[in-house]
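Subject: Structure handover

Hello,

Here is the structure we talked about. Please open it first, then read my notes below.

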There are 2 protein chains.
Amino acid sequence: MKNLSVVGIGSTVFGQHKSTSITELAKKAASDAILDAGIDKGRIGALYVGNFVSGPLSGQEVLGGILTNALGLGAIPATKVEGACASGGIAFRHACLSVAAGLSDYAIAIGVEKMTHQNTNVVTEALNSALDRDIDGEAGHTFPGLYGLAWRLHAKHYGTSRAQVSAVVRKNKRAGLKNPLAQMGKMLSEDDIINSRVISDPLRLYDCCPVTDGASAVIVTTTENAKYSKIPISVLSTVQTSGNPHVPKCEGPMSFQATQVACNEAIQIAGITRQDVSLIELHDCFSIAEIIDLEDLGFINPGHAASWAEEGRTDIDGDLPTNPSGGLISKGHPVGATGVGQIFELCKQLRGTHPNQVRGAKIGLAHNLGGCGVTCSVSILANLNA
Amino acid sequence: MKNLSVVGIGSTVFGQHKSTSITELAKKAASDAILDAGIDKGRIGALYVGNFVSGPLSGQEVLGGILTNALGLGAIPATKVEGACASGGIAFRHACLSVAAGLSDYAIAIGVEKMTHQNTNVVTEALNSALDRDIDGEAGHTFPGLYGLAWRLHAKHYGTSRAQVSAVVRKNKRAGLKNPLAQMGKMLSEDDIINSRVISDPLRLYDCCPVTDGASAVIVTTTENAKYSKIPISVLSTVQTSGNPHVPKCEGPMSFQATQVACNEAIQIAGITRQDVSLIELHDCFSIAEIIDLEDLGFINPGHAASWAEEGRTDIDGDLPTNPSGGLISKGHPVGATGVGQIFELCKQLRGTHPNQVRGAKIGLAHNLGGCGVTCSVSILANLNA
């Protein structure tokens, strides 16, 4: 997939939208993206919606057709794609694929999830459908349980400390304070974190992304069409992989192979080196995930991401700005929306209009991970005029 | 999308599989398709799984990654696509898209649903997620209710009679007796049908497809690769459309625009006329749907499909063999599997190996419809050596 650009972006605030239906949430983000692109919506030839649990939580499926109708986009093909927490990144890749294959001039990727209207048990049960139910589900696992285990494995191999992981939490919560789309920004001390309640030892409340409602949308077209856009952002690569759905056996250090494969391929297709990347938006569903992900992405050697966090090297003005949006920990994680929201955040950065602007941002990388590494999406975007 | 062929097919029996998990069901069909293709599975570069309600009914999502892992297909991109009852047709189209775009040499489309382990109320609630919940859901509609209404609209405009609709039921139930994949074949009299219990007047029990478990899978590749296959079946076109998610207002005769647009486009892309089509597998979720669909597909003038059924013109040896598999009414409707199952059935016919073989079958058309016409898939396949 070559010669593609993002020319329109839209997003709702991530937070509680209890009185808005999932269709209305998605429609709002999509309408904003179409407006931002400044195109006649009749030119949109395909719609992809990334969503994970609209069925069990809202009793609403077939969101593709429902949204196409709500947006007045006519008879175009419209598809919900699902890959657990990576659903949004997968939707973005498929919008790119539709344009790259010549099936549409413009394609829209929408990510949406509505979760806060349901109680915690119902939400937990729905999220557990990203486990392999025949194996991990039978064993009674949950995601906080599995990421608690992941932390223990990482700590066992590399000595990762509570203070190092807390540095991730504090950075991302701090960034969220300045991002108007994030509702959980906060100034936190180390004591605030270690005094918050245990969710799944060693994970405490502030280590976990909140349950959230929200929608994001982006519009993709050819680089040729994008010439007429204000600030087109080029898609250098977008890659999707599968991985082991189970937490790996405890023999080796903790890592997600789907991330490793996806990032290596995305870097290669983009024709860049990791040194060219100005910033990363990655899948910090739990604090420890940011550390594991940075190592899996190959930007920091295994066992060193924790100290990078502690030394501030992943701050907005650090060596490798990571999650300047506030990440999932601060923005929240409206599951299907997250991956498209990351593309939204990268575009804001690469346009130079982000509230937490990374200086000289030219190339950004988005990383969206589903389940316990069962599916992954990595996309690399650039402002070639920056 | 040009120069594509189906080179491998597999399917479980459609029926009750209470002791088999949804993952195992899908794995069985996929393994059979890979075996049938006679290829090294390492050549499969993408997996699409069509599924509708595995979340609410089996607590299992992220089926793409789960299945890729279960089948040992490595790190390839794997995506669940959902478009209600058209999910299977959409999965097939995306497998085609992946090959046509040059992203994979071979791609596998799997359709799967597991439903019979849940009670009727849970299943009905899950199926209702194909309605627009903000509108039809609020109004308390269900699909039998909506198709009962569709029948009334059709009858009001065209005088469609009970005996004519019964002819569809009797034909499809009769065909199912000879298809080993169908579990609801039966010889029925007119009296059997009108004495069966009312589901949603005028729909009676035998007018409705049963709740079913099942999985089907097909493997797509380039026509070039397909040269090495035993009996490659060419994909002349595969089209996906969106339509109005609501039952149309009662001003005009009953029809589904998504079907009309999809079929016109599919015929045009295939470069054929309707007279070239040897047989049709279409979405008879209810008996009346077969009549409406044949008119929407443009094979029979509006208002005449009911008399064609009564006169036997849609029988296996008729002018326009329709649902020689037994259709959804006889095979059952494991929702996400149905669209892939239709491709399976067409391939059997076009290979000349179907238990209800249509004589001289050369070109077949599959029609898969979601919700109340909110999403549609039409594919045209051919045996170019027949």
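One definition before the rest: two residues are in contact if their C-beta atoms, placed from the backbone, lie within 7 Å. Please also keep in mind that this is a predicted model.

Domains of chain A

Chain A is divided into domain 1 (4-119 + 212-233) and domain 2 (127-206 + 235-382). Their centres, taken over C-alpha atoms, are 23 Å apart. On the domain 1 side, 40 residues are in contact with 37 residues of domain 2. The elements that give two or more residues to this side of domain 1 are β1 (4-11), α4, β4 (106-113) and β7 (214-222) of chain A. Of these, α4(A) gives the most, with eight residues. By class, the domain 1 side has 24 nonpolar, 13 polar and three charged residues.

Helix packing in chain A

Start with α4 again. The axes of helix α4 (residues 87-100) and helix α15 (residues 335-351) of chain A come within 5 Å and cross at roughly 55°. That angle makes α4(A) oblique to α15(A). From α4(A), the residues in this contact are A:Ser87, A:Gly88, A:Gly89, A:Ala91 and A:Phe92. They meet A:Val335, A:Gly336, A:Ala337, A:Thr338, A:Gly339, A:Val340, A:Gly341 and A:Ile343 in α15(A). The contact has six nonpolar, seven polar and no charged residues.

A second pair is worth a look. Helix α8 (residues 162-178) and helix α12 (residues 287-296) of chain A pack at an angle of about 100°, with their axes 8 Å apart. The two helices are therefore roughly perpendicular to each other. A:Val165, A:Val168 and A:Val169 of α8(A) make the contact with A:Ser287, A:Ile288, A:Glu290 and A:Ile291 of α12(A). By class, that is five nonpolar, one polar and one charged residues.

How the two chains meet

A rotation of 180°, with 0.0 Å of shift along its axis, superposes chain B on chain A (RMSD 0.0 Å). The copies are thus related as by a two-fold rotation axis. Which residue of chain B comes closest to the rotation axis? B:Val81 does, with its C-alpha at 2.3 Å. A:Val81 stands opposite B:Val81 in β3(B). Strand β3 (residues 78-82) of chain A pairs with β3(B) in the antiparallel sense, over three bridges.

Backbone points to check

Most residues other than glycine have a negative phi, and most peptide bonds are trans. A few places depart from that. A cis peptide bond joins A:Asp201 and A:Pro202, with omega about 10°. A:Pro202 is found in the loop between β5 (198-200) and β6 (203-204) of chain A. In chain B, a cis peptide bond joins B:Asp201 and B:Pro202, with omega about 5°. A:Ala84 has a positive phi, near 50°. A:Ala84 is in the loop between β3 and α4 of chain A.

Best wishes

Methods
Residues numbered from 1 in each chain as written. Chains lettered and ligands numbered in written order. Predicted model: local features only at pLDDT ≥ 70, side-chain atom pairs only at ≥ 80, totals over all residues. Axes fitted to C-alpha atoms, helices over the stretch in contact; angles between N-to-C directions. Helix = DSSP H or I, 4+ residues; strand = E, 2+ residues; numbered from the N terminus. Parallel < 35°, antiparallel > 145°, perpendicular 65-115°, else oblique. Nonpolar A, V, L, I, M, F, W, Y, C, P; charged D, E, K, R; others polar. Least-squares fit on C-alpha atoms with pLDDT ≥ 70 in both. Pairing = 2+ DSSP bridges. Domains from an automatic or database assignment.
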